[in-house]
Amino acid sequence: MKKRRVWLLTILFAAMVAISMITGDRSNPLQATSVGKDTLTMITSPDYPPYEFYDTKGGDRQIVGFDIDIANTLAKQLGFKLKVMESDFNGLIPALQANRADFVMAGMTPTPERKKNVDFSIIYYEAKDTIVAPKGSNLKQPKDLSGKKVGVQLGTIQEQNAKKIAEKVTGVQLKQLNKVPEIIQEMKSGRIDAAIVEDTVAKGFAQANPDLEFNAIPSEEQSGSAIAFPKNSSLVEPFNKVLQQMKDKGELEKLATKWFSTNTTTAASSPPAKGGLNLDFTRIFPDIPFILKGIPITLLFTLLSVFLGLIWGTVLSLLKIIGIKPLTWIANAYTSVFRGTPLLLQLALVYYATPQLTGYDISALEAGVLTFTLNSGAYMSETIRGGIQAVDKGQAEAAMSMGVPYRLMMWDVILPQALKNILPALVNETIGLLKDSALVSTIGVVEILRSAQIVGANKYIYFEPLLFAGLIYYVLVMGLTFGASALERRLRQSE
C-alpha cells in the first residue's frame with residue numbers, strides 16, 4: 001500500500017514538473033495571463049520611417065522599424081504572439097474604437113484630445129517638432145511663418161501644434177495632407193512654403209533632398225511617442241512595466257540609436273536632388289518586385305467585385321422592371337443612395353462600422369469586395385436594365401407564346417442578348433473598378449498604389465514609384481480592353 005502511494009506521488013510530481021516546463025516562463029515574472037490573450041493585434045501606419053515602414057528589398061512585405069522592435073520585445077516579455085495590421089494614420093484611433101486592434105504604435109503622442117478617446121502608456125521616446133523649408137527661405141522660428149502656407153500630416157500632433165502656432169502667429173495658412181512624402185512634394189512644387197514634421201523624419205528628408213533644411217521648434221510641454229489602447233484597457237499596466245524596464249536597462253536607447261542612425265545613413269546614400277523632377281528610376285529597381293506583388297491583390301479585388309456586382313446588378317435591374325411597385329421603389333432608392341455617396345465613404349463605413357454593429361470582425365479584403373460589389377451593383381443595374389429593355393419585345397412575346405416560363409425566358413433568351421449589347425459598358429465599369437481599387441489602401445490593403453507609396457516613403461522620393469505604378473495600371477487596363485474586344489468580336493459572329 002505504501003509503495004502504491006509512493007508511486008502515485010512520484011507520477012503526480014513528474015506531471016507537475018512537466019506541465020510547469022511546458023507552460024511556465026520562470027525567468028519572467030509577467031506571464032501571458034497578465035494580458036489575457038495569446039495573440040494581440042497591433043495596428044500602425046507603416047509609411048513613417050524609421051518608426052515603422054516596409055522592408056521592400058527583394059519584394060518582402062515585412063513591416064520593420066523602431067516601434068516594431070519595441071512591440072516584439074513587449075510580446076516576448078509578456079508572452080503573447082504579435083499580429084501587425086496597418087491603416088492610414090488618421091484611421092488608427094477609429095480602429096481601436098471599433099475593436100479592430102488591441103493597441104496602436106505609430107509614433108503617436110498622447111494629447112488631451114486623444115486621451116478622451118483612448119488610453120496611453122508612458123512615453124517611450126521623446127521627439128521634437130521641426131520646421132522644414134527650402135534652404136535660404138529663413139523660416140527657422142514659428143514667428144517666421146507669418147503669411148506662409150504650412151503643410152502638416154492629418155491627425156498628427158504636428159497638426160495640433162501647427163494650429164496653436166496659427167493662433168499666435170497671424171497669417172499662417174495650414175494645409176493638411178495624409179502622408180509626409182506628399183507634404184514634402186507640395187513644398188518642392190511651391191504650393192506650400194514650409195512644413196512641420198518630427199525631427200527624426202525631417203532629418204531623413206533633408207539628407208535625401210539637399211535643397212531642404214530643418215530647424216527645431218522650442219517645445220513648451222513634454223511630447224513624445226506612446227502606445228495607445230482602447231479606453232479602460234487592461235493592457236496599460238503590464239505594458240508600462242515592460243517599457244519602464246526597457247528604459248532602465250537602456251534597451252530603448254539602443255533601439256533608437258540602431259534605427260535612427262540606419263535611417264539617416266540610408267537617406268544620405270540617396271543621390272542628391274538637382275532640381276526639376278530629377279527622375280532616376282534606378283533608385284527603385286531593387287523595390288520593383290515589392291510593387292509588382294500588389295498586382296494579384298488589385299486583380300482579386302477587381303474580378304471578385306465585377307463578378308458579384310454583375311450578379312447583384314442583374315437582381316436590381318429585374319426588380320426595377322418586374323412591375324411590382326414596392327420592389328421597384330426599393331431598388332431605385334438603393335441605386336440613388338449608392339450612386340449619390342462617395343465610394344470612399346461607403347468603404348470606411350463598411351470597414352469600421354460592421355464590427356460595432358454586428359460584432360463580426362470583417363477583414364479588409366471582405367470589406368473592400370463587399371463595398372465595391374454594393375457600389376458597382378447600383379451602377380450595373382441601370383446598364384443591365386437598359387440592355388434588357390433594348391432587346392426587341394418580339395423576343396419575349398415569342399417565348400411567352402411558346403409557353404416558356406418567365407424565369408427561363410429571361411435567363412436563356414433576354415439576358416444573353418442584353419449582355420452582348422451592354423458589353424462595352426461593362427468593360428468600362430470593370431476598368432473603373434480596377435482603378436478605384438486603389439481606395440482600399442486607406443484601410444490597410446497593400447495593392448499597387450499603396451506599394452508605390454511605401455517605396456516612395458522609404459526612399460524619400462515621390463515621382464518614380466508613382467509613375468511605375470501608373471505604367472502597371474495602364475498595362476492592366478490595356479489587357480482588359482484587348483480581352484473585351486476579342487470577346488465582343490466573338491459574340492458578333494453570331495449576328
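**Sheets, helices and rings**

Mentor: This is a predicted model.

Trainee: How do β10 and β11 run, parallel or antiparallel?
Mentor: Parallel, with five bridges joining β10 (residues 149-153) to β11. Val-150 stands opposite Leu-174 in β11.

Trainee: OK, other sheet. What's the strand order in the open sheet of three?
Mentor: β2-β3-β4, with antiparallel pairing. β2 (47-48) and β4 (62-64) are the edges, each with a single partner strand, so one side of each lacks a neighbour in the sheet. β3 (residues 52-55) pairs with β4 over three bridges. Asp-55 has Gln-62 in β4 as its bridge partner.

Trainee: Switching to aromatics. How many pairs are there?
Mentor: The structure holds 14 aromatic pairs. Take Phe-53 and Trp-259: their ring centres are 6.0 Å apart and their planes are at 85°, so the pair is edge-to-face.

Trainee: Where do those two lie?
Mentor: Phe-53 is in strand β3 and Trp-259 in helix α9 (residues 251-269), so the pair ties together parts 206 residues apart in sequence.

Trainee: Is Trp-259 buried or exposed?
Mentor: Buried, with a relative accessible area of 11%. Phe-53 counts as buried too, at 15% relative accessibility.

Trainee: And why is the pair of Phe-66 and Tyr-124 called tilted?
Mentor: Because the planes are at 50°, with the centres 6.2 Å apart. Phe-66 lies in helix α2 (residues 66-78), and Tyr-124 is in the loop between β7 and β8. Phe-66 is buried at 0% relative accessibility, and Tyr-124 is buried at 4%. Ring pairs link both into a cluster with Tyr-48, Tyr-51 and Tyr-125.

Trainee: What sits over the ring of Tyr-351?
Mentor: The charged end of Arg-100, 3.8 Å from the ring centre.

Trainee: Last one. What follows α8?
Mentor: Gly-250, whose phi is positive, near 80°. α8 (residues 236-249) has 14 residues and reaches 20 Å from its first C-alpha to its last. Its buried residues include Phe-239, Leu-243 and Met-246.

Notes
Residues are numbered from 1 along each chain as its sequence is written. This is a predicted model: local features need pLDDT of at least 70, side-chain atom pairs count only at pLDDT 80 or more; totals for chains, interfaces and linings use all residues. Side-chain values use heavy atoms; hydrogens and water are left out. Helices (H or I, at least four residues) and strands (E, at least two) are DSSP runs, numbered from the N terminus. The expected span of a helix is 1.5 Å times one less than its number of residues. Buried means under 20% relative accessible area, exposed over 50%, partly exposed in between (1.4 Å probe, protein chains only). Two strands pair if DSSP finds at least two bridges between them. Rings of Phe, Tyr and Trp (its six-membered ring) pair if their centres lie within 6.5 Å; planes under 30 degrees apart count as stacked, over 60 as edge-to-face and the rest as tilted. A charge sits over a ring if NZ of Lys or CZ of Arg is within 6 Å of the ring centre and within 35 degrees of the ring normal.
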